[in-house]
Amino acid sequence: TAERSKSLSGDIVGTNSSGSLGASASLTFMHNNLFAGGEQWRLQLRGGYESFHGKASDHRSYGLETSLSFPKLLIPFLHTSGPSTIRSTTDLQLSYDHHSRPEFSRNILSFDWGYSWYSHYSSAYRHQLKVVDLDYLHFGYINEDFRRSMPLITQILNYRDQFVLGASYLFRYNSLNDYRRATSPWVHNLRLFFQSSGSLLYGLSSALGRRRDVYGSYAFFGTNFAQFVKAEADYSGLRKLGEGNAFAYHLGLAVAYPYGNSQYVPVDLRYFAGGANSLRGWTARTLGPGSMPRSASRSIFDQVGDIKLELNAEYRMKVLGPLQLALFADAGNIWTMRPYENQPQGDFQWDRFYKEIALSSGLGLRWDFDYFVLRFDVGTKLYDPQSEEGRPWVISYQEPKELLAFNFAIGYPF
């Protein structure tokens, strides 16, 4: 019925970030049969508030997001009819968010137009193509004292307007949805991703003879647009051993290359290492890049890279009821594609990258409640390529408080 095709939901979440209390809320309306053809329309309003102790004002945010999904491929100038063995959707999404803090205010506008499809016979192989992937970030206000307190490179990477326009392709394979492997004790997951941004705008700017700025870059609506390519490959596997036990493993490789109009990949599209789903001997964003001395890092924005390599393995044992115990080991790091002044020894070099692969191991507890998994991991550093004592095997001499990292998360790491 018309009433059953519509729904309204909302949620309120409390937050505590370094002692700053806050709350966020959202209201979502769904219509699952907008044009009587199975089209799904979603509209969401959201907002948030966070109190900063001792600050003149607090953090406020609000936003709007709407999406429309058609249960078929809608391609301009191409008409398809009749039965198909492919299940597909055409997806449109538009969002706007505003953030206001004591130090700055910013507006973020995003638009996506893409297609998703998989075979009726097997949903194991899934494809997603975004023909338009647009993000525009504009700072309405930046406190001058705050700006001057940051290194120039941090200002360039994080506190200036950004414009990203490109396309992307995502492929996923999950053997759990493959009927040919229904009885196999092996589980395989593969994710391949490719993204290109800025090439079209760069070509048009060059063909039209537009002026470059003092840095040799073109601008679009007064903002330098980003130009880069990204490629990612991620594989994870699991071997069921019976009685709730399993051996799981993961390999991830990612590369982002800025060129043409950009010297840097936008910071939110770069990679970081450390944390609950990475190398668990480090907390989030505290590892790398390369063998850069930690004393050279002025903020977490210095600990990002353009290349990421990770290898993980863990043995999961059922203890009692939903409780599981895990023994794990992690290896990897991040590197920059080029040498940057603010990230000394952070660039990838063939003659030393293998010496910069960090190692950690540890013990974890997992509570598997079927509909979600609560995870707690304690990791210890074994080999730290950023050690400034010239002794990377830190497990042999550092104190436990320097070696250990505690990570909480929901869901398995891979």
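**Exercise 1. Aromatic pairs**

Determine how many aromatic pairs the model contains, and classify the pair formed by F163 and F220.

*Solution.* The structure is a predicted model. Counting ring pairs whose centres lie within 6.5 Å gives 29 aromatic pairs.

Step 1. For F163 and F220, the ring centres are 5.1 Å apart and the planes meet at 35°, so this pair is tilted. The reasoning rests on the cut-offs: planes under 30 degrees apart would count as stacked, and planes over 60 as edge-to-face.

Step 2. F163 belongs to strand β8 (residues 162-174) and F220 to strand β10 (residues 219-220), so the pair ties together parts that are 57 residues apart in sequence.

Step 3. Finally, consider accessibility. F163 has a relative accessible area of 7% and is buried, whereas F220, at 23% relative accessibility, is partly exposed.

**Exercise 2. A second pair and its cluster**

Describe the geometry of the pair formed by W335 and F353, and state which cluster of rings includes these residues.

*Solution.* Step 1. The centres of the W335 and F353 rings are 6.2 Å apart, with 75° between the planes, and the pair is edge-to-face.

Step 1. This pair links distant parts of the chain, 18 residues apart: W335 is in strand β15 (residues 323-335), and F353 is in the loop between β15 and β16 (358-368).

Step 2. Both W335 and F353 are buried.

Step 3. Ring pairs join W335, F348, W350, F353 and Y354 into a cluster.

**Exercise 3. Charges over rings**

Identify the ring over which the charged end of R126 sits, and do likewise for R285; then describe the setting of R285.

*Solution.* Step 1. R126 places its charged end over the ring of Y118, 4.1 Å from the ring centre.

Step 1. The charged end of R285 sits over the ring of F272, 4.1 Å from its centre.

Step 2. R285 is located in the loop between β13 and β14 and is partly exposed, at 32% relative accessibility. Its backbone deserves attention too: phi of R285 is near 65°, a positive value in a residue other than glycine.

**Exercise 4. The surroundings of S278**

Is S278 buried or exposed, and which polar contacts does its side chain make?

*Solution.* Step 1. S278 lies in the loop between β13 (245-258) and β14 (307-320). Its relative accessible area is 4%, so S278 is buried, the cut-off being under 20%.

Step 1. The side chain of S278 reaches the backbone nitrogen of G274 at 3.0 Å. It also makes a polar contact with the side chain of E310, at 2.3 Å.

Step 2. Setting aside residues up to four places away in sequence, S278 touches A273, E310, N312 and D330.

**Exercise 5. The largest pocket**

What is the volume of the largest pocket, and which strand gives the most to its lining?

*Solution.* Step 1. The largest pocket has a volume of about 830 Å³. Its lining comprises 29 residues, of which R106, L137, V267, D268 and F301 are the closest to the centre.

Step 1. At least two lining residues come from each of β6 (104-119), β7 (125-142) and β8. β7 gives the most, with 4 residues.

**Exercise 6. Loop residues and distant neighbours**

*Solution.* Step 1. A226 lies in the loop between β11 (223-224) and β12 (228-242). At 7% relative accessibility, A226 is buried.

Step 1. The C-alpha atoms of A226 and S197 are separated by 6.7 Å, although these residues are 29 residues apart along the chain. Leaving aside neighbours within four places in sequence, A226 is in contact with F163, V164, S197, G198, S262 and P266.

Step 2. N177 lies in the loop between β8 and β9 (186-197) and is partly exposed, at 37% relative accessibility.

Step 3. N177 and S122 are 55 residues apart in sequence, yet 6.8 Å apart in space, C-alpha to C-alpha. Not counting residues up to four places away in sequence, N177 touches S122, S123 and A124.

**Exercise 7. Backbone features**

Describe the peptide bond from G288 to P289, and the phi value of A36.

*Solution.* Step 1. The peptide bond from G288 to P289 is cis, with omega near 5°. P289 lies in the loop between β13 and β14.

Step 1. Phi of A36 is near 65°, a positive value in a residue other than glycine. A36 lies in the loop between β2 (20-31) and β3 (40-50) and is exposed, with a relative accessible area of 66%.

Methods. Residues numbered from 1 in each chain as written. Predicted model: local features only at pLDDT ≥ 70, side-chain atom pairs only at ≥ 80, totals over all residues. Heavy atoms only, no water. Phe/Tyr/Trp six-rings, centres within 6.5 Å; stacked < 30°, edge-to-face > 60°. Buried < 20%, exposed > 50% of the residue type's maximum accessible area, 1.4 Å probe, protein only. Lys NZ or Arg CZ within 6 Å of the ring centre and 35° of its normal. Polar contact = N/O pair within 3.5 Å; in protein donor to acceptor, adjacent residues only side chain to side chain. Contact = heavy atoms within 4.5 Å. 1 Å grid on protein atoms, 1.4 Å probe; cavity = no way out; pocket = protein on both sides within 12 Å on 5 of 7 lines; lining within 4 Å. Points joined across faces, edges and corners; volume = space filled by probe spheres on them.
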